[in-house]
Amino acid sequence: MSSAVHPVDETFPAPRLITLGLQHVLVMYAGAVAVPLIIGRALKLPPEDVAFLISADLFVCGLATLCQSLGFRGVGVRLPVMMGVTFASVGPMLSMATVPEIGILGIYGSVIAAGVFGVLVAPFVSRLLPLFPPVVTGTIILVIGVSLMRVAINWAGGGLPTITKAVPGEAFPGAFPNPAYAQTLGLCVALFTLLVILGLIRWGAGFIANIAVLLGIVAGAALSAALGLMHVEKVATASWGAFITPFHFGLPQFHLVPILTMCLVMLVVMIESLGMFLALGQITNRPLDQKDLTRGLRADGVGTILGGVFNTFPYTSFSQNVGLVGVTGVKSRWVTVTGGAIMIVLGLLPKVAALVEAIPQPVLGGAGVVMFGMVAATGVRILKNADFETNRFNTFVVAISVGFGMIPMVAPNFFRNLPDALHPLLESGILLAAVVSVLLNLFFNGFGSAEDARAHAASAAATAEHV
């Protein structure tokens, strides 16, 4: 009987573990900090609070990664997985951020409730895979990318085209043109950042190409500093170390519709995670059974609960790190455990978060065009696994679902006469596309087999790199 250690459980000397773990951190770093930047600025939080959101996110990225890769009783798939905030939650949270009665505390309440929901339904979710064939998951991810692109474009422009502020003598705020929007210098910085990233992708090799977005942000920030566009005063005053306190902004608030909305997001995220786990099981030559999948999904729920408690958002496995496992051939989960520990340390360094918050929006916009565009492109790649040749119905599933997903973007007031409680759901194109694509697929194609669903999920996840 062989006593050889499986590559997934293999460990290495500390210097190599730290080097390989840092590589995983660098690959995911730009995507990991994007969501707190988006939500923090949508909530109009002061810079120090946005920096705190970034620190909290990095801290919980590390905790969630340890739950998933290291695992504990009943929790964790115990494969080389890095965890980060899912982009699928951004659209619904942006909708919640615009409702004064919900705000940041309502967002955290919905995140905690969704995490509890994830823990409870984990044993049953893998049976729902037939509801999410490639034609559905590809459509949802395509809409996620397209919806996020407006964030990147407004970042590149230096903010929002209009600003809202109180009008003297008026009971309601007014909207005014933003004089800082689309300034030539800012657009040039965004273009420079984009060109650096494209150059690194085109001519860089191996690890350099994998962290092209992060290096592009560094180059754009350096140019901005040289031009006097980057202000680092708050970096100088930020402390070197601080703990992440639970419920920093106050106790969470629980509202029914936001909770239902975030639970639906959690369901979509868990289906994506199933695909990632199945693909990673193939890459590492460790087949997964139903109990393994349940533990992995339960870790998604636990990570999301931790997110709500520690002032951040829903968590899922980062697929670019799954891709890195395939590229490097290093299959040890102890590498990502080390990466999780590094993320925790970064989360305890407020100066690092303050530096990220200080990066000008045009720099983030140039990088965001690549990051969020790749999300949309990943959706297109997953749709390649759908049968459009012999099944003409799949075309209608995609066409109508994308149409519904575009409603909040092209017609923001489309649902304004419907009850306010429904707006967090109806104003999220991602949620609309998810619901409509699932229902249309059931209507046209029915409920598929579990075996085909598992095969399709693993194949689709193997093509994903940036969701």
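A: Start with burial: Glu-357 counts as buried, at 15% relative accessibility. Buried means under 20% relative accessible area, exposed over 50%, and partly exposed in between, with a 1.4 Å probe and protein chains only. This is a predicted model, in which local features need pLDDT of at least 70 and side-chain atom pairs count only at pLDDT 80 or more, while totals for chains, interfaces and linings use all residues. Residues are numbered from 1 along each chain as its sequence is written, and side-chain values use heavy atoms, leaving out hydrogens and water.

Q: With which residue does Glu-357 meet in a salt bridge?

A: Side chains of opposite charge can pair when their charged atoms come close. The criterion is a side-chain nitrogen of Lys or Arg within 4 Å of a carboxyl oxygen of Asp or Glu. Glu-357 meets Arg-41, at 3.8 Å from N to O. Glu-357 is in helix α14 (residues 350-357) and Arg-41 in helix α1, 316 residues apart. Helices here are DSSP runs (H or I, at least four residues), numbered from the N terminus. Arg-41 is partly exposed, at 22%.

Q: How many salt bridges does a search of the whole structure find?

A: The search finds 4. One of them joins Arg-286 and Asp-9, with the closest N and O atoms 2.7 Å apart. Arg-286 lies in the loop between α10 (256-284) and α11 (290-309) and Asp-9 in the segment before α1 (14-42), so the pair ties together parts 277 residues apart in sequence.

Q: Where do Arg-295 and Asp-292 lie?

A: Both are in helix α11, 3 residues apart, about one turn of the helix. Asp-292 is buried, at 14%.

Terms used. Helices (H or I, at least four residues) and strands (E, at least two) are DSSP runs, numbered from the N terminus.
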